[in-house]
Amino acid sequence: MSQRDLVAELQAVRLTAPDEVRERVRLIAAAAEPTPPRRFVRRRSLLLVVPLAAALAGAVVLTRPASHPGKRALEVQPSTVYQTATTPTARAGVATGAIPKAPALAPAPSSTRVQRYGATIGLRVDSPGAVSTAVKQALRITSALGGHPASVHASAAGKTGAADLVLRIPRRNVQEAVTRLSQLGTITSEQVDIQDLQAGLDATDRQIARLQRELAVLRAQPQSTARDRAIAALTAQVQRLQRGEAATIRTAQLATVRLHVATPPPPAPARHGHGPLHGIGVAAYWAGIGAVYAVAFGLPLLVLCGLAYLLVRALRRRRVDALLSRP
């Protein structure tokens with residue numbers, strides 16, 4: 001007889017226990033401690049909760065936004081020699097939103113020392129036509145004060161336009177030039193740089209004087225080849241220093257004025273706020289990311305737990321079959 005036949009026969013037999021046996025079983029059941037509830041449901045819950053918790057923890061760690069790097073502070077480097085800030089009237093206009101026209105505050109160049117003088121002016125005009133007009137007037141002012149343009153660049157596109165001019169103006173007239181150029185539009189920025197060159201020229205004069213004394217000593221010596229070579233070398237050095245000194249003085253006679261004329265920048269496009277459903281979209285986005293990580297981390301754990309459950313169940317069934325197969 002096979003095992004299945006034996007089990008079927010045992011299930012088909014309906015045996016009635018005697019009354020004494022029934023009473024005995026009742027007394028034993030009443031005296032025994034209550035059987036603790038099965039934990040099969042809890043174990044099955046743990047099989048689901050543990051992998052889900054691990055997946056959520058991994059999703060939180062991996063999707064946590066990185067710390068934003070701190071914004072770099074703006075570094076403002078002053079002019080190495082001399083710089084004037086924007087006029088007080090213009091600064092007040094920036095605070096109120098409208099920059100009124102104001103006279104330029106350009107210091108006068110020195111009349112007793114050699115200086116390299118430079119100025120930068122920023123102007124705002126209303127239209128590209130006004131940019132063209134300001135450029136023409138700036139060139140007329142430069143010519144009237146004895147200067148000339150070194151470079152002129154102008155451009156226009158639609159309702160915007162800009163021009164950049166580099167003007168060379170005699171240093172004695174630079175203060176008047178800055179004042180007149182600043183009246184061609186609304187001042188947006190102004191900067192003046194003055195570098196003193198007199199100290200370097202004085203040092204060059206002392207070096208030339210020392211070399212000339214050495215030449216006087218050499219010329220007093222008896223004539224020889226070595227003496228003539230030394231005199232020629234010192235003479236060439238003196239001439240080179242004198243040419244450099246003359247070039248520095250000649251360059252310093254003309255001041256450099258940089259003029260920037262531009263129309264106001266176009267208004268920035270209005271940025272619309274997020275709609276009422278934006279929060280739902282964001283929540284759905286992050287929920288989708290969490291679901292992906294939950295599947296990636298939780299599915300392998302669920303498979304392992306399922307295999308463990310099947311293994312335990314197979315072992316239990318095997319024990320039951322072994323007990324039933326005993327004679």
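Mentor: Let us begin with a definition: contact means heavy atoms within 4.5 Å. Leaving aside its neighbours within four places in sequence, Val257 is in contact with residues including Ala119, Ile121, Leu165 and Leu181. Residues are numbered from 1 along each chain as its sequence is written, and side-chain values use heavy atoms, with hydrogens and water left out.

Trainee: Why is Leu201 called buried?

Mentor: Buried means under 20% relative accessible area, exposed over 50%, and partly exposed in between (1.4 Å probe, protein chains only). Leu201 has 5% relative accessibility, and therefore counts as buried.

Trainee: Which residues is Leu201 in contact with, leaving aside its neighbours within four places in sequence?

Mentor: They are Val114, Glu245, Thr248 and Ile249.

Trainee: What makes a set of residues a nonpolar core?

Mentor: Its members are buried Ala, Val, Leu, Ile, Met, Phe, Trp, Tyr and Cys residues joined through side-chain atoms within 4.5 Å. The largest such core has 28 residues, of which Leu181, Val257 and Leu259 touch the most other members.

Trainee: What pLDDT does the protein chain average?

Mentor: The average is 76, and 67% of the residues score at least 70. Over residues 65–104, however, the pLDDT is below 50. Where pLDDT is low, the predicted coordinates should not be read in detail.

Technical notes. This is a predicted model: local features need pLDDT of at least 70, side-chain atom pairs count only at pLDDT 80 or more; totals for chains, interfaces and linings use all residues. pLDDT is the predictor's confidence in each residue, from 0 to 100.
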